[in-house]
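Good morning, and thank you for the time. I would like to take you through one model and the way its chains meet. Please look at the sequence and structure now.

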Protein chains: 2
Amino acid sequence: MAVSPDRETIGYIYAPIQERLARVEGRLRDMANVNFPFLSDLLSHVYCSSGKRMRPAITLLASGFHSHDELKSEIMATAIELLHIATLIHDDTVDESDFRRGRTTISSMYGKDIAVLVGDYIFASSATLVCDIGHIGVIRKFSETIMDLSNGELRERISTYDPEQSLDDYYTRIYSKTASLFAVSGESAATISGAPDEHVAALREYSYELGMAFQIVDDILDFEGDPEEFGKPVGSDLAHGIMTLPTFIALERSNGSNPVKSFFEDRHNDKLLAEAVEMIRQPEIMSEAYSEASRRCDIAHQALKSIPRSPSRDSLELLLDYVVRRRW
Amino acid sequence: MAVSPDRETIGYIYAPIQERLARVEGRLRDMANVNFPFLSDLLSHVYCSSGKRMRPAITLLASGFHSHDELKSEIMATAIELLHIATLIHDDTVDESDFRRGRTTISSMYGKDIAVLVGDYIFASSATLVCDIGHIGVIRKFSETIMDLSNGELRERISTYDPEQSLDDYYTRIYSKTASLFAVSGESAATISGAPDEHVAALREYSYELGMAFQIVDDILDFEGDPEEFGKPVGSDLAHGIMTLPTFIALERSNGSNPVKSFFEDRHNDKLLAEAVEMIRQPEIMSEAYSEASRRCDIAHQALKSIPRSPSRDSLELLLDYVVRRRW
């Protein structure tokens, strides 16, 4: 296995945007101050977290190729991270998760009901903030992305424990629930910075493939990662009835046996779950899944070639390596 | 008590906008057709319901004073109703309601999780649709309204069973959770139709006061209405720990006894609940609450005077009477 990048590596990758990212953090802190103490406390809890801030980082880096009013791309980066936070809060109510980014989730502290309403508030805050950019096309794309995100979660939710779902279904789902937000992070930044169409398309393609690769690696780590670093038990997706790329690869390679289907038909059976997980987390299967993630990163790398070399472009390239080599 | 208006009355009030409202219904039906059968079925279930469509009606009527591209106000009316539907779906997850508008709720059919995600999808659909109007100020106001709506529900949720809440808290809450949406229904319509500032302000004031009166009457009917017509048992708000205008009036008039506080401290005690309800639903208290609703309708009526008389204005005036005299 490749050497896991230092946690400091992400800091190195973000070097060209360090000041701007700090201003985005400041904006998030400010936005937690609302005239409603209960809500203010909750917003501080979720806005000031230990997340990697990858999506706003993509926005800031992707806006760095053309000189423009930097305030606008910082607003966009803030809105993008707010949207991401809102989806995590709603996802935690669906998953009944107790911990996220090392902190207790709102739904475990106050119940699903409060979490739903706080999530709604943050969704709306993000949409309101995007209006400050003053570009209707960008606003529209942002709202469409919120539709994609909820669509993706819905698709995932209703396909649980369905052994008949297809690889195409999987790719549709991970586009909707993950890559769509990465894609708008890059594309909107390019648009806001006044980039020519060719660069907007390139940055969209880069961010989309990066997002797909990111989710694929997440899905691999669910089988292969260290539960303590990764924050979830091994095979957690499968335990929840979710079929991901490693599972599809394993079933394609299997000699006809389908322990996944057996487990889905008897979903409290830990022995069947363990058998299915064991079948899936073989080195050759993990390797094939990593190949797919790498293939997408190659496409993303290729897309960047139409943009002149710069520290921002270097960082976007390093992000591709980081996404594949990370262990969390 | 005033004679309850016929269910047909609302049809008469909507006469100037009948065709336009039919087109809005058509848009809602079309928007249920998405490339995801499970979601499509759910959307049809909630879009094609027996709601009064009061908010879109306000939008259509309020846009009728100035000639403009009617497509835009119809889009706005559709978005407004979608937003209202999304809030109802999320509210039903919080309230654990089984029925809404004579149909089973999504949360009782498929669980809270699905209801949260479908609600998210509809919120996002409404925000995307508003972008088609192409007016950033209107888009922003719409997103801010979504913030108000979730803020209001949060305030209500965390103040349940708190006997120390104030009448000011109540008015802040009902502005956020109800009147804000009425206000944007009228104000945005005026803006979209190119009305001069004076008319925009007048229609905003009208819609805001109408919305406040609407909620106050809802809160009165919760004590006084026929459970079968109204759809909820008598004193349902109080049973859920929610203090509304009739409760505040009753406590102000009481001779020091506070059965509401006693009930809040022993909230499974049906006898205490019944005592509190009995104290509140006295004719003089109901009457004082209605007076507040009527006072606001008078302000709304006055606001309309700056707008030239027309069938649309007549209908907006009739809506004021309807809101106060209705029994559901």
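Through which surface do the copies meet, the same or a different one? They meet through the same surface, because 100% of the interface residues of chain A are also interface residues in chain B.

Some conventions come next. This is a predicted model, in which local features need pLDDT of at least 70 and side-chain atom pairs count only at pLDDT 80 or more, while totals for chains, interfaces and linings use all residues. Residues are numbered from 1 along each chain as its sequence is written, chains are lettered from A and ligands numbered from 1 in the order in which they are written, and side-chain values use heavy atoms, with hydrogens and water left out.

Now the interface itself. Contact, meaning heavy atoms within 4.5 Å, involves 38 residues from chain A and 38 residues from chain B. Between them the two chains bury about 3700 Å², 72% of it on carbon and sulfur atoms; buried area is the accessible area (1.4 Å probe) that two parts lose on being put together, summed over both. Of the area that chain A buries against chain B, A:Asp113, A:Leu117 and A:Leu154 supply 17%, more than any other three residues.

A:Asp113 also forms a salt bridge with B:Lys112, with the closest N and O atoms 2.9 Å apart. The term denotes a side-chain nitrogen of Lys or Arg within 4 Å of a carboxyl oxygen of Asp or Glu. Six salt bridges are counted between chain A and chain B. On the side of chain A that touches chain B, helix 3 (37-47), helix 5 (70-95), helix 7 (112-131) and helix 8 (136-158) each supply at least two residues.

I close with the single chain. Chain A has 17 helices and two strands, where helices (H or I, at least four residues) and strands (E, at least two) are DSSP runs numbered from the N terminus. Its C-alpha atoms fill a box of roughly 60 × 50 × 35 Å, taken along the principal axes.
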